[in-house]
Amino acid sequence: LGSHLYINMSTNERMRGALLDLVKRLKEMNVKPSSRVSEEKKETATEIPKDVTYIDSDGDAMHFMITPEGIGQFVNKKYTKAVTKFGYRPIDGDLRDQDGYGAVINKKDRERVINGLRLMCAEVGVPFISYEAVTYIDSDGDSIIFVDSPRGLCHYANGRFTKIIKRLTYQKSILDLRDQDGWGAGLPPDRASEIVDDLSKTCRNIGVPFKFI
């Protein structure tokens, strides 16, 4: 358009007229200003997708689409089942169906895939459960993760699964958190209240005792 539009003006009035004409032509061509791109993306994000596709961490081509039975799952172009429930772990992108089948979604695809699946699930009434995680570095220097999962509250230390948590005890005066076996350490002082709040709520939601002493 720019190569065919020549503006040769010497007054503000002619400039204004030319700009109005340009805006009119852009509208006729359905070209929208770049400042509205973010708004369009927000609108698109709320539209229910017809399907969701991606390659998972096992190298399988995953394809989910709405079917009369609910959400159909296709693996490497072959129909495998109707999904009746999704379980998602945000901490590492692991997505599983009602039978525990699944794998990790690559980071670059997670937001698109999860947003799409959430909308599809809401449309057809398929439960989508997000298993939240609490992470921090304890006073011993260990990287600790508590993850709500189908098995219960899982505990990870330095990236390795250690146990299913049956009970937690927190001694506020020294910021000390211990499990049912007495294993644990101090919480980081600057995040202790946040960690305890998140973890105690998670425990309450899934029925794991959390005691303050």
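Tutor: The expected span of a helix is 1.5 Å times one less than its number of residues. With that in hand, we may read this predicted model.

Student: How many residues has helix 3, and what distance does it reach from its first C-alpha to its last?

Tutor: Helix 3, residues 107–124, has 18 residues and reaches 26 Å between those two atoms, close to the 26 Å expected.

Student: Which residues of helix 3 are buried?

Tutor: The general idea comes from helix geometry. An α-helix has 3.6 residues a turn, so residues three or four places apart point the same way. In this case, the buried residues of helix 3 are Asp109, Arg110, Val113, Ile114, Gly116, Leu117, Met120 and Cys121.

Student: Let us turn to a single side chain. Is Lys81 buried or exposed?

Tutor: Burial is read from relative accessible area, with buried meaning under 20%. Lys81 counts as buried because its relative accessibility is 17%. This lysine lies in strand 4, residues 78–83.

Student: Which side chain makes a polar contact with that of Lys81?

Tutor: The partner is Asp97, whose side chain is joined to that of Lys81 by a polar contact of 2.9 Å. Leaving aside residues up to four places away in sequence, Lys81 touches Asp97 together with Ile71, Gly72, Gln73, Gln98, Asp99 and Tyr101.

Student: In what order do the four strands of the open sheet stand?

Tutor: The order is 15-14-13-16, and the pairing is mixed. Strand 15 (184–186) and strand 16 (210–212) are at the edges; each has a single partner strand, so one side of each lacks a neighbour in the sheet. From one strand to the next, the twist averages 15°.

Student: How many bridges join strand 14 to strand 15?

Tutor: Three bridges join strand 15 to strand 14 (residues 176–179), and these two strands run antiparallel. Within this pair, Arg178 has Gly184 of strand 15 as its bridge partner.

Student: Which helix packs on the sheet?

Tutor: Helix 4, residues 192–206, does so, touching strand 13 (168–171), strand 14 and strand 16. The direction of helix 4 makes about 140° with that of strand 16.

Student: How many helices and strands are there in the chain?

Tutor: The chain holds four helices and 16 strands. Of its 213 residues, 36% count as buried. Among contacts in the chain with a separation of 6 or more, 39% are between residues 24 or more positions apart. The chain exposes about 13,500 Å², of which carbon and sulfur atoms supply 51%.

Technical notes
Residues numbered from 1 in each chain as written. Predicted model: local features only at pLDDT ≥ 70, side-chain atom pairs only at ≥ 80, totals over all residues. Heavy atoms only, no water. Buried < 20%, exposed > 50% of the residue type's maximum accessible area, 1.4 Å probe, protein only. Polar contact = N/O pair within 3.5 Å; in protein donor to acceptor, adjacent residues only side chain to side chain. Contact = heavy atoms within 4.5 Å. Pairing = 2+ DSSP bridges. Axes fitted to C-alpha atoms, helices over the stretch in contact; angles between N-to-C directions. Areas by Shrake-Rupley, 256 points an atom, 1.4 Å probe, with all protein chains shown as cover.
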